[in-house]
Amino acid sequence: MQEHILSMRGITKAFGSTVALDNVDLNVRAGEIHALLGENGAGKSTLMKILNGVYAADKGEILINGVPTVFRNIREAMAGGISFVFQELNLVLSLSTLENAFLGRLKSDSRGIIDWKSMTAEFNGFMKSIDFEMDPGRLVSELSIAEKQMVEIARALMLDSKIIVMDEPTATLSSEEIHKLFNIIRILKNKGITIIYISHRLEEIFQICDRLTVLRDGKNICTLDVAETTKPYLIEQMVGRSMDYEFPEREAHPIGEPVLDVKNLFTPGFLQGINFTLYRGEILGIAGLVGSGRSEIARAVFGADKIEKGDFWVDGKKVSIRSTMNAKALSIGLVPEDRKDEGSSIELSVMKNITITNLDKVSRGIVLNRRKEVREAKRMVQELGVKTPSIHHRLDQLSGGNQQKVVLAKWLYNDADILILDEPTRGIDVGAKYEIYLLIYEMVKRGKSVIMISSELPEIFALSDRIMVMYEGCLQTCVENHEGLKPEDIMGFALG
Amino acid sequence: MEVAARPKDSIKNRIVDILSNNAILFLMLLLVSVVAILYPRFLTLANFNNILNQISVIGCLACGMTFVLLIGCIDLSVGSMMSLIGIMAVTVANGGREWLAIILPILAAGAIGLIKGGIIAGVNGRLGESFITTYGAQSVLAALALIIQGGLFMMVTATGIFTRIGKGANPAYVFFALIVICQFILTKTSFGRKLLFVGSNPKAARLSGVNIKFYFLMAFMMCGLISGIAGVLLPSRVMSANPTAGTNYELEAIAACVVGGVSMKGGSGSFVNTLIGVIVIGVLSNSMNLLGLSSYPQMIVKGFVIALAFALDVVNKRRQMQRG
């Protein structure tokens, strides 16, 4: 049996009443590239955060080279030879590449003066060894995302790390940059460095990984050699059932008169004359790449961003939407892209997050009627099937899917007729996704209209009645979603 | 997502929880016991009245500050505003219009609060912006007070209602009434709920259709009004006003709030926290007075207590996060 450089055994971790990890094992051999796979919410990130000490495990042990180890923070982990390259990069934008590469351990000579020369030499030497060119003097804020990642990797390696954890390193890279990154990963492997590689892109796993571990709903599913498996098999392991049931079956729902008309919508430096109509009972999907202007449409229609010009009609009446208060009064609701930062206040209770859109409904004058508020919040929680120990629990004690349901609930509570959902299923697990889809259907059946923005084309295809495609602030096309429509067609428009 | 029963907290964990969540109260109890044993005089009615008198004005100020902290801002100008308001009140009172001397300065303080709030709402500011804005306001108001009064003491020569509001236990009644009213506003009204929500996450509040600028304005106006009340109480109690009477009071008020558990990040805390903080600091000062500590060592002790309260809060939050 080969030696395990890292062995996490029986790791269990609960957040509130939600078990994020249940008796999970991860065994990584020295010098391999080990993929950690699983849907969002499967527990990959939590497992890694236990490794680097951000969270403490409730149960279980971590062995490094067979020695039980507990890191209390990321600094200790790095000192112990494990480095992390996270999605959200930990770089200081206002400092140079060199300063970032040596962050926290700047070298100085005997007089205590910083020794730029030897650091530059070390940095250049290292970059040469991985065959990558980089100017140590450039500010990190000027670098591309791939280059920023290289700075992080350089920092990790110059610390003499034996294990590098990469969390979705390719999520924001172009295919050329990915190619470069893979070359570097291979060089690292030849140097005997162990890599734990987290990614959603299965092709990548087959390209560079040796072995893999699949997690699902916080449990170990399997650990396999990459060479012995296939992509369909992996998908099945990840989602726990065959993919046919990823979406609920489409049901016919009547589509009525126009409820929202947007004419000639311009925003400063972004949207270029958008026109579209939303009908009662319709699901209108908006596809396009990140940064193509999808979210900007949502925010402009909701009055969250300033518009340059543009006219809105709601239920056939010309209206002015200059603020989120206007939009709310017109019975429009927005579920924003970033659930934690913009959709809710995660430090407040489920109830407070739901009733915020319409406190008048549960007040007499300005005084809140607590009993009524509790009743209303309970009703919404029940209606949407939010799994929470009580309505008084803080939102951050709920899973992502349930948090998202609460954000939806606050608009249903205000009885919004037009719901704009920006990436409604981002970062939530398959089961919860399915429930969100059911809720969207339920809403349109009740005569509400939905605009759904999504980066996941299958989702757009499965749910939308019509599909709009955005590219660089322009509306490329708007088509009926019929049997013959192919994802390639939509991608064609999305790429300009 | 599966929901399973969470492993029960161990008894040790629970005890640590109770101790650390109420550390400040326990520390105070300890202090009270020690001082009470050494100085039986500490536990007399007269001494309690004494403590109440000492904390009431600062307490009012802390009460106003709580609104601003809850919305995630800070107001460094309330001390100098108090000085200015005091001079204004005494001037009007000595002129014989004593009711006006109570009401006018309070309204003026509210108006000054509105201006500060307007600037901060205008730039979508939070802690940093409000720090700078109100630091500037502090400088302006302090200078105004000195210019108007020429740096001199000003005796209260009025004899009517103005001199009575600051007498005896009246400031304490005002303080407790303010705590009760403000706590009611915060927890039982839609206004209070929205204010808390804006403080907790202004972006999410805005995207829930809440007029966040209004709540920034209102938080500063409430703070202004209540500082105005403190500004009227003080000269009435000490029967004089001077242009530096309120110097550093803002820091004492902030310290009381934070010691009591109001978060500087906004959206967390209540007026009960403020009440606790004000009492803790009041009892601490009183105990040190009884122990015969002079005022400079007292400042050192107070400083450490404030830092300790803050550190405990941070440690607690981190521990809770790690355990999930």
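Helix axes here are lines fitted to C-alpha atoms over the stretch in contact, and the angle between two of them runs from 0 to 180 degrees between N-to-C directions. With that in hand, here's a quick tour of a predicted model in which chain A has 17 helices and 22 strands, while chain B has 14 helices and two strands.

**Chain A overall**

- Chain A has 496 residues, so a compact globule would come out with a radius of gyration near 23 Å; the value for chain A is 25 Å, which agrees.
- Along the principal axes, the C-alpha atoms of chain A take up a box of roughly 75 × 50 × 45 Å.
- Buried residues account for 43% of the 496 in chain A.
- Take the chain A contacts between residues at least 6 apart in sequence: 68% of them join residues at least 24 apart.

**Chain B overall**

- For the 324 residues of chain B, the compact-globule value would be near 20 Å, and the radius of gyration is 21 Å, so the two agree.
- The box filled by the C-alpha atoms of chain B is roughly 70 × 55 × 30 Å, again taken along the principal axes.
- In chain B, 48% of the 324 residues count as buried.
- Of the chain B contacts between residues at least 6 apart in sequence, 80% link residues at least 24 apart.

**Where the chains meet**

- Chain A puts 41 residues into the contact, and chain B puts in 28.
- On the chain B side, the elements giving two or more residues are α9 (190-200), α10 (202-206) and α14 (295-323).
- The top contributor on that side is α9(B), with six residues.
- By residue type, the chain B side that touches chain A splits into nine nonpolar, eleven polar and eight charged.

**α3(B) against α12(B)**

- Helix α3 (residues 45-70) of chain B packs on helix α12 (residues 249-260) of chain B at an angle of about 70°, and their axes are 8 Å apart.
- Since 65 to 115 degrees counts as roughly perpendicular, that is the label for α3(B) relative to α12(B).
- The crossing of these two helices, α3(B) and α12(B), is right-handed.
- From α3(B), the residues involved are B:Ile58, B:Leu61, B:Ala62, B:Met65, B:Thr66 and B:Leu69, and they meet B:Tyr249, B:Glu252, B:Ala253, B:Ile254, B:Ala256 and B:Cys257 of α12(B).
- That contact of α3(B) with α12(B) is made of ten nonpolar residues, one polar and one charged.

**α3(B) against α13(B)**

- α3(B) also packs with helix α13 (residues 271-290) of chain B, at an angle of about 140° and with the axes 9 Å apart.
- That makes α3(B) oblique to α13(B), given that an angle has to be over 145 degrees to count as roughly antiparallel.
- This crossing of α3(B) with α13(B) is right-handed.
- Contact residues on α3(B) include B:Asn47, B:Asn50, B:Gln54 and B:Cys63, and among those on α13(B) are B:Phe271, B:Thr274, B:Gly277 and B:Asn286.
- The tally for the contact of α3(B) with α13(B) is nine nonpolar, ten polar and no charged residues.

**A:Thr12 and its surroundings**

- A:Thr12 sits in strand β1 (residues 4-15) of chain A.
- A:Thr12 has 17 C-beta neighbours inside 10 Å, so it counts as partly exposed.
- Beyond its neighbours within four places in sequence, A:Thr12 is in contact with A:Leu21, A:Asp22, A:Asn23, A:Ala57, A:Asp58, A:Lys59 and A:Gly60.
- The C-alpha atoms of A:Thr12 and A:Glu61 are 9.6 Å apart, with the two residues 49 apart in sequence.

- As background, most residues other than glycine have a negative phi.
- A:Asn65 isn't a glycine, yet its phi is positive, near 50°.
- You'll find A:Asn65 in the loop between β4 (59-64) and β5 (67-68) of chain A, and it is partly exposed because 13 other C-beta atoms lie within 10 Å.
- A:Glu423 isn't a glycine either, and its phi is positive at about 50°.
- A:Glu423 belongs to the loop between β19 (418-422) and α15 (430-445) of chain A, and with 22 other C-beta atoms within 10 Å, A:Glu423 is buried.

Key: Residues numbered from 1 in each chain as written. Chains lettered and ligands numbered in written order. Predicted model: local features only at pLDDT ≥ 70, side-chain atom pairs only at ≥ 80, totals over all residues. Helix = DSSP H or I, 4+ residues; strand = E, 2+ residues; numbered from the N terminus. Rg over C-alpha atoms; globule rule 2.2 N^0.38 Å. Buried ≥ 20, exposed ≤ 12 C-beta atoms within 10 Å, placed from the backbone. Contact = placed C-beta atoms within 7 Å. Parallel < 35°, antiparallel > 145°, perpendicular 65-115°, else oblique. Left-handed = near helix turned anticlockwise from the far one by under 90°. Nonpolar A, V, L, I, M, F, W, Y, C, P; charged D, E, K, R; others polar.
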